[in-house]
Amino acid sequence: MGKQTIIPFGPQHPVLPEPIHLDLVVEDETVIEAVPQIGFIHRGLERLVQTKDYNQFVYVAERICGICAFGHSMGYAETVENLMGVEVPTRAQYLRVIWHEMSRVHSHTLWLGLAADAFGFESLFMHAWRLREKILDVFERTTGGRVIFSVVKVGGVTRDLDDQQIDYMKSVFADFRAEYTKLIRAFLDDSSVKNRTVGVGTISRADAVNLGMVGPFLRASGEPYDVRMLGSNGYGELEHFEPITDDQGDCYARIRVRCEEVLQALDIIDEMLAKLPAGDIAVKVKGAPKAGSEACNLVEQPRGECYYYAKGNGTKYLDRMRMRTPTSQNLAGMAATLKGCDVADVNMIVLTIDPCISCTER
Amino acid sequence: MGFFKLGSMTMGSLFKEPSTLRYPFETKEPPAGLKGRIVNDKDSCILCGACMRACTTGAIAVDRKGRTWSINPYRCVQCGYCITVCPKKCLSMNPHYSEAAREKKIRIVNVPEHPKPARAKADAAKGVDAGAKAGEEAAAAKAGQKATAVKDAEGAETNGAAGKDAAEN
Ligand code: SF4
Ligand code: SF4
């Protein structure tokens with residue numbers, strides 16, 4: 001029995017794209033307990049809803065996080081639409097789904113690159129990010145932005161896709177899929193990756209559910225829960241949707257779930273592009289949310305379920321806007337998973353929950 | 001289980017075009033529809049101030065007395081909301097990657113006084129294109145516009161006392 005020591009991990013650490021601090025209580029080489037601490041990048045964005053009107057806040061909402069920018073603007077706009085009883089045109093819903101799934105593809109490929117970097121596979125990291133660049137180019141051509149798009153507004157979207165753009169998207173996604181399928185062979189079949197991830201940071205399905213985990217972290221433990229399967233908004237138009245799960249609950253399972261979710265997202269994009277209906281892309285929204293009206297909404301962000309709540313007060317300024325982000329749900333699970341692991345595995349485990357601290361702290 | 005699963009992709013990369021550009025020797029062509037800096041067509045602007053009230057970041061300032069419309073490019077987040085609220089549709093985005101700037105400057109546009117609506121209609125009937133700078137000068141002279149309009153007709157957005165700034169965002 002060795003002596004217990006506390007090793008600080010983060011907020012600045014090579015594997016962490018965003019600042020989170022962990023106090024790792026270690027004994028010899030084993031982590032006995034991990035105490036997460038956040039609060040390094042709090043910006044008070046929720047409070048801004050009282051000084052920006054509900055149309056302006058879309059642009060604040062999408063700046064909550066750089067990776068799920070589209071998801072947040074969509075989640076917020078849908079919440080306000082629920083609040084005001086606005087019916088969004090079907091074409092706009094399809095476009096939202098397409099861009100949201102593209103965000104998932106770019107978020108997951110970014111994450112795969114970071115994971116490769118964390119286990120020291122530099123060329124895999126480069127290839128993952130090279131592929132991600134193709135998706136960013138599609139974003140740039142269709143929305144005008146690479147990371148922050150500003151295409152969502154309350155009542156619909158601000159840009160449409162023409163036939164030329166749709167053909168361009170289809171050809172890029174076909175290329176992307178071909179290369180991506182080769183790329184994930186390295187993640188899923190390469191022994192050097194497996195040595196580093198199989199059996200590391202395992203969490204059982206029961207624990208995952210009890211700790212309220214969400215997203216790929218939860219699905220990798222075998223719980224088939226994904227907000228998209230509820231079929232709300234544009235997702236209701238999908239022929240078929242089944243969450244991707246794995247029953248191992250280890251780092252490898254989390255990598256596998258994300259790898260396959262990219263392919264699933266590409267399928268969704270193809271399906272939506274193929275049956276994109278004609279019509280308007282936005283409706284005019286007039287007036288203000290009624291005093292005392294409340295609405296909520298769920299969106300499956302790349303990192304998991306994100307919950308939105310809004311309350312109106314009869315003016316153009318909302319009374320309250322609240323988000324519960326996937327990473328804040330997953331922090332408890334992360335601390336539980338870290339218990340009993342090797343110090344050398346901490347970075348892999350932290351990374352496989354894909355923490356997004358900007359969202360969490362807003 | 002297997003080894004060297006990334007081999008074919010990495011080997012293939014040896015014979016492909018590089019994925020990156022040798023910036024600054026090569027630059028990327030901005031795609032159409034790219035978000036860029038906000039441009040005000042000063043000949044249509046009526047200085048109503050809707051864009052100023054809509055701007056989420058408070059980047060735009062409209063001075064009706066001084067007849068100027070100005071934008072602080074360091075506050076503008078290129079969300080494009082001002083474009084959607086403008087009643088005259090005179091704001092647009094110039095697809096453009098921002099160059100680095102040496103100084104923080106506010107871009108000021110001097111908005112000329114507009115001829116009476118009836119007159120403007122007559123001009124339009126004559127086929128005067130607001131964007132065609134050569135024709136514009138003649139039109140301005142014809143319409144008897146104030147000297148400011150003629151001065152601005154080169155399309156230069158004067159940049160405070162410092163004059164034109166090519167490196168502005
Ligand atoms: S909204 Fe349009 S017309 Fe009004 S001040 Fe702004 S740019 Fe000019
Ligand atoms: S693009 Fe957005 S931030 Fe920039 S001036 Fe217009 S409203 Fe303001």
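Let's start at ligand 2: its shell holds 8 nonpolar residues, 3 polar ones and no charged ones. Here Ala, Val, Leu, Ile, Met, Phe, Trp, Tyr, Cys and Pro count as nonpolar, Asp, Glu, Lys and Arg as charged, and the others, Gly among them, as polar. Keep in mind that this is a predicted model, where local features need pLDDT of at least 70 and side-chain atom pairs count only at pLDDT 80 or more, while totals for chains, interfaces and linings use all residues. Residues are numbered from 1 along each chain as its sequence is written, chains are lettered from A and ligands numbered from 1 in the order in which they are written, and side-chain values use heavy atoms, with hydrogens and water left out.

**The two ligands**
- Around ligand 2 you'll find I38(B), C55(B), T57(B), I60(B), I71(B), C76(B), V77(B), Q78(B), C79(B), G80(B) and C82(B); a residue is near a molecule if one of its heavy atoms lies within 4 Å of it.
- Ligand 1 has 14 residues around it, and the closest are C45(B), C48(B), G49(B), C51(B) and C86(B).
- Sorted by class, the shell of ligand 1 comes out as 11 nonpolar, 2 polar and 1 charged.

**Chain B as a whole**
- Chain B has 6 helices and 5 strands, which are DSSP runs numbered from the N terminus (helices: H or I, at least four residues; strands: E, at least two).
- Follow the sequence and the pattern reads α-β-α-β-β-α-β-β-α-α-α.
- Of the 169 residues in chain B, 34% are buried, where buried means under 20% relative accessible area (1.4 Å probe, protein chains only).

**Where the chains meet**
- Chain A brings 32 residues to the contact and chain B brings 27; contact means heavy atoms within 4.5 Å.
- About 2300 Å² is buried between chain A and chain B, with carbon and sulfur atoms giving 53% of it; this is the accessible area (1.4 Å probe) that two parts lose on being put together, summed over both.
- On the chain A side, Q56(A), Y59(A) and E140(A) lose the most area to chain B, together 21% of what that side buries.

- M323(A) sits in strand 8 (residues 320-324), and it counts as buried because its relative accessibility is 1%.
- The C-alpha atoms of M323(A) and Q56(A) are 17 Å apart, with the two residues 267 residues apart along the chain.
- E81(A) belongs to helix 2 (residues 69-84) and counts as buried because its relative accessibility is 4%.
- Beyond its neighbours within four places in sequence, E81(A) touches residues including R96(A) and K153(A).

Note on methods. Buried < 20%, exposed > 50% of the residue type's maximum accessible area, 1.4 Å probe, protein only.
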